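Me: Please walk me through this model, one feature at a time. Give me the general idea, then the case at hand.

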Amino acid sequence: MRTADFDFDLPPDRIADQPARPRDAARLLHVGDTFADHIVRDLPGLLNPGDLLVYNDTRVIPARLTGRRGEVRVEVTLHKREGADTWHAFAKPGKRLRVGDTIAFAPDLSAEVRGKREGGDVELRFSVAGSDLMAALHRHGVMPLPPYIRRPDGEDAADRDDYQTVFAAREGAVAAPTAGLHFTPGLLARLDERGIRRVPVTLHVGAGTFLPVKVEDIRDHRMHAEWGEIGRETAEAVAEARRAGGRVVAVGTTSLRLLESAAAEDGTLAPFSGDTDIFITPGYRFKIVDLLLTNFHLPRSTLFMLVSAFAGLDRMRAAYAHAIASGYRFYSYGDTSLLERAPRE
């Protein structure tokens with residue numbers, strides 16, 4: 001398929017700069033054989049007792065740093081941890097950096113360029129490691145908001161909370177698993193009352209999630225690897241739900257991608273820990289996930305390709321047209337959708 005097959009016109013005023021308040025007041029489009037407009041607070045009634053929510057418990061770190069290499073101003077966005085003191089990062093201007101250069105971010109934080117790849121991707125070795133590096137990022141970094149959230153004067157004071165889910169526990173992501181942004185303690189309590197269990201996975205989302213698809217043939221696109229983990233209790237809960245006739249509901253494309261990466265061809269799920277660069281496009285046969293809660297994605301993006309694989313390209317084109325005409329808000333701080341998986345052909 002061609003990247004152009006996943007294009008659509010999105011008016012700029014549909015892009016959300018701020019989240020809904022309260023979070024579960026955001027709109028929700030239920031996409032099945034027909035479309036139904038709801039709000040997130042309606043979610044318990046759209047699910048069945050015995051269904052299982054699988055959410056991503058990653059926590060976003062202040063991964064965007066500004067420093068200097070001599071007189072040159074350099075901005076880096078970390079995207080994948082490689083060691084206690086080593087990260088891959090996207091750097092601007094990446095072409096002006098050389099292996100061996102030192103970037104000074106603050107008196108107590110600097111990094112050496114240890115390697116370079118295409119697209120401004122550099123490997124940085126920091127002057128501190130482990131918990132000391134994480135503390136330095138909290139002092140000197142800013143939240144890595146995606147480029148379509150406009151902050152001409154810098155991040156809002158609220159962004160450090162707004163761009164974090166209620167599930168956030170394990171530090172390491174440089175982008176939020178945005179479907180999780182809609183949950184509140186009150187909504188979780190109502191899901192409990194409905195008899196809907198939930199279990200965590202961890203996928204440390206990388207900044208590569210925002211990279212555009214620049215190739216014409218989607219088979220030529222290469223995904224950046226992200227680290228994920230599925231614990232034994234979660235794997236057992238998925239198996240138990242499926243045996244009992246419950247549906248597996250992925251909270252976000254990150255949870256879905258990790259579940260599908262770890263699933264065997266027969267649909268069984270084992271504990272998993274490691275990298276995944278799975279790229280899901282139409283024609284993929286889903287093994288685990290029955291329903292997907294996910295925000296509205298960019299045109300020509302790998303995430304719109306994924307939801308088109310899950311629910312059907314024609315159905316998703318129609319759903320997005322409905323959402324645009326109905327005033328739904330798009331992207332990270334926008335509204336959300338609950339997608340039913342298209343029948344297998």
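Reply: Start with the labels. A helix is a DSSP run of H or I with at least four residues, and a strand is a run of E with at least two. Both are numbered from the N terminus. Keep in mind that this is a predicted model.

Me: Where does Y163 lie in those terms?

Reply: Y163 sits in the loop between helix 3 (159-162) and strand 11 (170-173).

Me: Is Y163 buried or exposed?

Reply: The cut-off for buried is under 20% relative accessible area. Y163 has 0% relative accessibility, so it counts as buried. Its C-alpha atom is 25 Å from that of S326, which is 163 residues away along the chain.

Me: Take another loop residue. Where is D51 found?

Reply: D51 belongs to the loop between helix 1 (43-46) and strand 3. Its relative accessibility is 2%, so D51 is buried as well.

Me: Which residues does D51 touch, leaving out those up to four places away in sequence?

Reply: D51 touches G195, I196, R197, G246, R247 and V249. Look at R247. It is 196 residues from D51 in sequence, yet the C-alpha atoms are 4.7 Å apart.

Me: Now the sheet. How do I read strand order?

Reply: First the general idea. Strands of a sheet pair through backbone hydrogen bonds, either parallel or antiparallel. Here nine strands form an open sheet with mixed pairing, in the order 2-1-17-16-14-3-12-13-15. From one strand to the next, the twist averages 25°.

Me: Which helices pack on these strands?

Reply: Helix 5 (residues 232-243) packs on the sheet. It touches strand 3 (52-56), strand 12 (197-203), strand 13 (226-230) and strand 14 (248-251). Its direction makes about 135° with that of strand 12. Helix 8 (residues 313-325) lies across strand 1 (27-31), strand 2, strand 16 and strand 17. It runs at about 150° to strand 1.

Me: In which sense do strand 16 and strand 17 pair?

Reply: They are antiparallel, with five bridges between strand 16 (residues 291-295) and strand 17 (residues 336-340).

Me: How many residues of helix 6 are buried?

Reply: Begin with helix geometry. An α-helix has 3.6 residues a turn, so residues three or four places apart point the same way. Helix 6 (residues 253-262) is mostly covered, with nine of its ten residues buried. Among them are T253, R257 and E260.

Me: What about empty space? How much lies in the largest pocket?

Reply: Rolling a probe the size of a water molecule over the atoms shows where empty space is left. The largest pocket holds about 870 Å³. It is lined by 24 residues, and F90, G119, L211, P212 and H224 are the closest to its centre. By class, the lining has ten nonpolar, five polar and nine charged residues.

Me: Which strand gives the largest share of that lining?

Reply: Strand 7 does, with three residues. Strand 6 (72-81) and strand 7 (86-92) each supply at least two.

Me: Why is strand 7 called largely enclosed?

Reply: Six of its seven residues are buried, so the rest of the structure largely encloses strand 7.

Me: How is strand 7 joined to strand 6?

Reply: A hairpin of four connecting residues leads from strand 6 to strand 7. The two run antiparallel and share six bridges. E75 stands opposite K92 in strand 7. Strand 7 also runs antiparallel to strand 10 (residues 121-126), through five bridges. There T86 faces R125 in strand 10.

Me: How many residues lie between strand 8 and strand 9 in their hairpin?

Reply: Two. Strand 8 (residues 102-106) and strand 9 (residues 109-116) pair antiparallel over four bridges. A106 stands opposite L109 in strand 9.

Technical notes
Residues numbered from 1 in each chain as written. Predicted model: local features only at pLDDT ≥ 70, side-chain atom pairs only at ≥ 80, totals over all residues. Heavy atoms only, no water. Pairing = 2+ DSSP bridges. Axes fitted to C-alpha atoms, helices over the stretch in contact; angles between N-to-C directions. Contact = heavy atoms within 4.5 Å. Buried < 20%, exposed > 50% of the residue type's maximum accessible area, 1.4 Å probe, protein only. 1 Å grid on protein atoms, 1.4 Å probe; cavity = no way out; pocket = protein on both sides within 12 Å on 5 of 7 lines; lining within 4 Å. Points joined across faces, edges and corners; volume = space filled by probe spheres on them. Nonpolar A, V, L, I, M, F, W, Y, C, P; charged D, E, K, R; others polar.
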